[in-house]
Amino acid sequence: MEKNAPWPPGTFLARLQPSTRERLLSVGVRRSVKEAQVIIREGAEESYVILLEDALVKVTAALTDGRHALLSIRVSGDIIGEISALNETPRTATVTACRPSVIRVIHRNEFTAFLRDNPDAALTVAGIIADRLRWANRRRIDFTYYPLRVRLARVLWEIAAAYGRRSPQGMVVDIRLTQDEMATLCGSAQVSLQKALSELRSEGIVSTHYRGIVVRDSEALRSVADLA
């Protein structure tokens with residue numbers, strides 16, 4: 001994306017002032033990555049931050065039983081790896097490209113200098129970290145309070161609202177997610193997730209295919225998700 005492109009709402013670049021954003025987009029090294037390429041590997045000791053210029057990635061973490069939990073999805077304009085880089089601690093998750101993408105690799109020293117020279121950007125980083133903690137807390141409440149069908153509907157709605165594109169078929173989410181990843185994101189066993197997803201498909205609310213999900217009836221999905 002170009003420096004003056006309309007970045008997705010809520011992302012790091014969208015929250016910055018135009019002049020601050022332009023300064024950040026001149027820092028670091030621009031790189032192209034392939035679909036399914038690992039950008040950050042869990043446990044690695046690295047000292048850089050990644051800015052997603054034109055990208056779609058998924059963030060996963062290994063579980064003790066060998067499965068991988070889907071933690072989040074990040075898009076163009078987001079930053080990833082900032083906590084580990086700034087704290088000089090090992091990576092806590094793996095980040096994988098979901099499509100051919102363009103990223104900017106920024107060394108920790110460059111990023112800290114940028115934040116020092118641009119206090120508004122430092123406050124924005126703090127705000128983004130607070131938002132992610134708030135999201136994690138909300139997910140814990142969902143796990144405790146709602147049954148799986150509602151949790152699944154909420155996850156599907158959040159993904160579609162944030163990353164979907166409109167089409168005659170409905171809201172299309174072109175993100176390849178395995179049922180195992182969806183199950184861990186919803187806090188369920190895969191067999192239970194398959195049953196709940198099958199129910200939503202049979203009711204005509206969603207459809208699934210190899211490369212993603214289509215929300216065919218957004219109002220019905222919101223109703224199942226118990227969203228006002």
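1. Start with the meeting of two helices. From H7, the residues Gln 179, Asp 180, Met 182, Ala 183 and Cys 186 make contact with Gln 190, Leu 193, Gln 194, Leu 197 and Arg 201 of H8. By class, this H7–H8 contact holds five nonpolar, three polar and two charged residues. Please keep in mind that the model is a predicted one.

2. Now the geometry of that pair. H7 and H8 (residues 190–202) pack at an angle of about 95 degrees. Their axes lie 9 Å apart. An angle from 65 to 115 degrees counts as roughly perpendicular, so H7 is roughly perpendicular to H8.

3. H7 is mostly covered, with seven of its eight residues buried. The buried residues are Asp 180, Glu 181, Met 182, Ala 183, Thr 184, Leu 185 and Cys 186. Just after H7 comes Gly 187, with a positive phi of about 70 degrees.

4. The cut-off for exposed is over 50%. Val 191 sits 21 residues from Gly 212 in sequence. In space, the C-alpha atoms of Val 191 and Gly 212 are 19 Å apart.

5. Next, the largest pocket. It holds about 1500 Å³ of space. Its lining counts 46 residues, and the closest to the centre are Leu 71, Ser 72, Arg 74, Arg 132 and Trp 135. By class, the lining has 26 nonpolar, eight polar and 12 charged residues.

6. Which elements each supply at least two residues of that lining? They are strands S5 (68–75) and S6 (79–80), together with helices H3 (82–87), H5 (119–145), H6 (148–163) and H7 (179–186). H5 gives the most to the lining of the largest pocket, with 12 residues.

7. Ser 72 is buried, because its relative accessible area is 17% and the cut-off for buried is under 20%. Leaving aside neighbours within four places in sequence, Ser 72 is in contact with Lys 58 and Val 59.

8. The second largest pocket contains about 330 Å³ of space. It is lined by 14 residues. Nearest its centre lie Pro 8, Val 75, Arg 99, Ala 162 and Tyr 163. The lining divides into 10 nonpolar, one polar and three charged residues.

9. Strand S12 (residues 212–215) includes Ile 213. At 12% relative accessibility, Ile 213 counts as buried. Ile 213 and Val 172 are 41 residues apart along the chain, yet their C-alpha atoms are separated by 6.0 Å. What does Ile 213 contact, leaving aside neighbours within four places in sequence? The list is Leu 156, Met 171, Val 172, Val 173, Ser 207 and Thr 208.

10. Val 215 also belongs to S12. Val 215 is buried, with a relative accessible area of 3%. Its C-alpha atom is separated by 6.2 Å from that of Ile 205, 10 residues away along the chain. Not counting residues up to four places away in sequence, Val 215 touches Ala 160, Gln 169, Gly 170, Met 171, Ile 205, Val 206 and Leu 221.

11. Two backbone angles are worth a check. Glu 88 has a positive phi of about 55 degrees, although it is not a glycine. Glu 88 lies in the loop between H3 and strand S7 (94–97). It is exposed, with a relative accessible area of 58%.

12. Asp 226 is the other case. Its phi is near 60 degrees, a positive value in a residue other than glycine. Asp 226 is found in the segment after helix H9 (218–224). With a relative accessible area of 47%, Asp 226 is partly exposed.

Technical notes
Residues are numbered from 1 along each chain as its sequence is written. This is a predicted model: local features need pLDDT of at least 70, side-chain atom pairs count only at pLDDT 80 or more; totals for chains, interfaces and linings use all residues. Side-chain values use heavy atoms; hydrogens and water are left out. On a 1 Å grid over the protein atoms alone, a cavity is a set of points where a 1.4 Å probe fits but cannot get out, and a pocket is an open set with protein on both sides within 12 Å along at least five of seven lines; lining residues have an atom within 4 Å of a point. Grid points are joined across faces, edges and corners, and a volume is the space filled by probe spheres set on the points. Helices (H or I, at least four residues) and strands (E, at least two) are DSSP runs, numbered from the N terminus. Ala, Val, Leu, Ile, Met, Phe, Trp, Tyr, Cys and Pro count as nonpolar, Asp, Glu, Lys and Arg as charged, and the others, Gly among them, as polar. Axes are lines fitted to C-alpha atoms, for helices over the stretch in contact, and angles run from 0 to 180 degrees between N-to-C directions. Angles under 35 degrees count as roughly parallel, over 145 as roughly antiparallel, 65 to 115 as roughly perpendicular and the rest as oblique. Contact means heavy atoms within 4.5 Å. Buried means under 20% relative accessible area, exposed over 50%, partly exposed in between (1.4 Å probe, protein chains only).
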